[in-house]
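Let's take a walk through a protein fold together. Keep the picture open while you read, and look for each piece as it comes up.

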Amino acid sequence: MQTGNGLKFPTEFYDAYIFDMDGTIYLGDHLLPGAKRLIEELRRREIPVRFLSNNPTKDPHLYVDKLEGMDIPTPLEDIANTVVTMTRWLKDHHADKTVFPIAEQPLIDALHDAGIKISDDPEKIDIVIASYDRTFDYRKLQIAFDAIWFHKRAILVATNPDRYCPFPGGRGEPDCAAIIAAIEACTQTKCQVITGKPEPVMLEVAIEGLDVNPRHCMMVGDRLYTDIEMAKKTGMFSAMPLTGDSTMEEALALPKEHQPDFILDRVDRLIPAAVWEENGWTAEDD
Ligand SMILES: [Mg+2]
């Protein structure tokens, strides 16, 4: 359904819904309007719902607690962040390699638990992992530099390509892109793999175990260059709520093939208007 102001809402249900969380379901510590009744309506219809985050600074259990605290109880297996996807990617492709994670504790713990070898000795490091790390410092940069540039043995990979993590009130915090850029700048190498959105590896983990075709699934997220781009790369439908990072102007400035299929003023517009009517919903009552 097309509205006069550039918004466009779906008129049917899809086989599964993959949600970004920050800026889509909640912003900071506050649930966004309509998010709770949206998830409840999808689950009532037994449509699979999965949650994704590019943020590698949180243990996946924290998302279980956070969603539970917002009255959207969700099992751990329905949530994947880049702690989960990086660990799984390393296990699948580089189980015998030694890594140097530029990372906060949750990723380091997950790598330990998965039996991945970790070292800060540049002569032993095969893979430098850049991530959103608020303890990043010159020592870590030097180790990465030595492993990649001086010893010429390590490759650079990263959890996520985000420039900053959005906070309420329009503020934010520098994210993984800044760490990748620092290492690329001094080593003159390129990051080879990213295990977060928009890379399809993220989606593979998200829909693992679901008997669905990505072409009949809906990716929902507030960022054009991660959430929506992943949908485009994997052939999923995409919807962008205007409650987080990207704006209508930014969406419409992109070539048609990179624009979201749907642009929503609130996330529960994913539920077709006919069902809003059946349920007696209005935009004021949630
Ligand atoms: Mg987001």
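## Strand β4 and its partners

β4 and β5 run parallel to each other and are joined by three bridges; strands count as paired if DSSP finds at least two bridges between them. The names come from DSSP too: helices are runs of H or I with at least four residues, strands are runs of E with at least two, and both are numbered from the N terminus. Across this pairing, Leu52 sits opposite Ala80 in β5. Strand β1 (residues 16-20) also pairs with β4, again in the parallel sense, over four bridges. There, Ile18 faces Arg50 in β4.

How many of the five residues of β4 are buried? Four of the five are, so this strand (residues 49-53) is largely enclosed by the rest of the structure. Here "buried" means that 20 or more other C-beta atoms lie within 10 Å of a residue's own, "exposed" means 12 or fewer, and "partly exposed" is in between, with C-beta atoms placed from the backbone.

## What you're looking at

This is a predicted model: local features need pLDDT of at least 70, side-chain atom pairs count only at pLDDT 80 or more, and totals for chains, interfaces and linings use all residues. Residues are numbered from 1 along each chain as its sequence is written.

The protein chain has 10 helices and 15 strands. Of its 286 residues, 42% are buried. Its C-alpha trace spans about 65 × 35 × 35 Å along the principal axes.

## The five-strand sheet

Now find the open sheet of five strands, in the order β7-β6-β8-β9-β12, with parallel pairing. β7 (117-118) and β12 (193-194) are at the edges with a single partner strand each, so one side of each has no neighbour in the sheet. Strand β9 (residues 155-158) is linked to β12 by two bridges, and Val157 has Val193 in β12 as its bridge partner.

Helix α6 (residues 176-187) lies across β6 (98-102), β8 (127-130) and β9, at about 140° to β8. For that angle, axes are lines fitted to C-alpha atoms, for helices over the stretch in contact, and angles run from 0 to 180 degrees between N-to-C directions.

In helix α4 (residues 105-113), the buried residues include Pro106, Leu107, Ala110 and Leu111. Seen down the helix axis, the buried residues of α4 fall within an arc of 135°, so they line one face; the arc is that of the directions from the axis to the C-beta atoms. Which residues does the opposite face carry? Exposed Gln105 and Asp113 are on the side of α4 turned away from the buried one. Among the elements covering the buried residues of α4 are α3 (82-93), β6 and β7, where contact means C-beta atoms, placed from the backbone, within 7 Å. Just after α4, Gly115 has a positive phi of about 80°.

In α3, Trp89 and Leu90 are among the buried residues. The cover over that buried set includes α2 (60-69), α4 and α7 (200-206).

## A loop residue: Leu76

Leu76 belongs to the loop between α2 and β5. Is Leu76 buried or exposed? Leu76 is exposed, because 11 other C-beta atoms lie within 10 Å. Leaving out residues up to four places away in sequence, Leu76 touches Pro60, His61 and Val64.

Key:
Contact = placed C-beta atoms within 7 Å.
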